[in-house]
Amino acid sequence: MPATTQSTTALKYRGCLLLEPTARDQLGRLFEIHGLSGITYAGKNTYWAEQDNSDKLVQLQIKLNADASIASVSVLSGLAMSDNRDNEGIALSPTGDSVFISEEDTPGIHEYSLKDGRRLGSLQTPEVYLHK
């Protein structure tokens with residue numbers, strides 16, 4: 001008979017904060033913030049978050065308490081990317097002037113400029129991950 005182990009994991013709820021409901025993109029257009037599905041650290045107290053099923057990124061300022069709970073959050077700006085996709089994940093590039101965004105449709109990973117939202121390129125998706 002195989003041995004079984006049981007472990008208990010405890011999670012501590014640290015509260016939540018509401019975001020401002022809107023942001024302006026690089027062209028000054030107002031958009032509603034909703035469905036954030038990925039976030040990446042961009043240095044100091046700055047983060048970029050991406051909206052699911054959208055062409056929008058949101059730049060946030062998040063200040064943390066000593067225990068890593070969120071002390072405050074504010075929306076700094078927005079960015080419209082050149083493509084509207086089913087985005088799921090985001091990672092800052094090593095240079096810090098672009099982000100890599102993963103999306104479910106293709107699936108694929110695309111790089112976008114944080115200056116103007118332009119797609120800079122796409123990574124080749126291995127055959128094993130492509131929908132058949």
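Trainee: Which strand pairs with strand β7, and over how many bridges?

Mentor: Strand β7 covers residues 87-92, and its partner covers residues 98-103. Two strands count as a pair if DSSP finds at least two bridges between them, and strands themselves are DSSP runs (E, at least two residues; for helices, H or I, at least four), numbered from the N terminus. This is a predicted model, in which local features need pLDDT of at least 70 and side-chain atom pairs count only at pLDDT 80 or more, while totals for chains, interfaces and linings use all residues. Here the pairing is antiparallel, and the partner of β7 is strand β8, over five bridges.

Trainee: Which residue takes a positive phi in the hairpin of β7 and β8?

Mentor: Residues are numbered from 1 along each chain as its sequence is written, and side-chain values use heavy atoms, with hydrogens and water left out. Within the paired strands, I90 has I101 in β8 as its bridge partner. Five residues lie between the two strands of this hairpin, and the one with a positive phi, near 80 degrees, is G96.

Trainee: Which are the edge strands of the open sheet?

Mentor: The open sheet is formed by four strands in the order β3-β4-β5-β6, with antiparallel pairing. Each edge strand pairs on one side only, and these strands are β3 (36-41) and β6.

Trainee: What is the bridge partner of T46 in β5?

Mentor: Strand β4 (residues 46-51) pairs with strand β5 (residues 54-64) in the antiparallel sense, over five bridges. In β5, the bridge partner of T46 is Q61.

Trainee: Is I70 buried, partly exposed or exposed?

Mentor: I70 lies in strand β6, which covers residues 70-85. Buried means under 20% relative accessible area and exposed means over 50%, with partly exposed in between (1.4 Å probe, protein chains only). Because its relative accessible area is 45%, I70 is partly exposed.

Trainee: What is the radius of gyration of the protein?

Mentor: The radius of gyration is taken over C-alpha atoms, and the globule rule is 2.2 Å times the number of residues to the power 0.38. A compact globule of 132 residues would have a value near 14 Å, but the protein has 18 Å.
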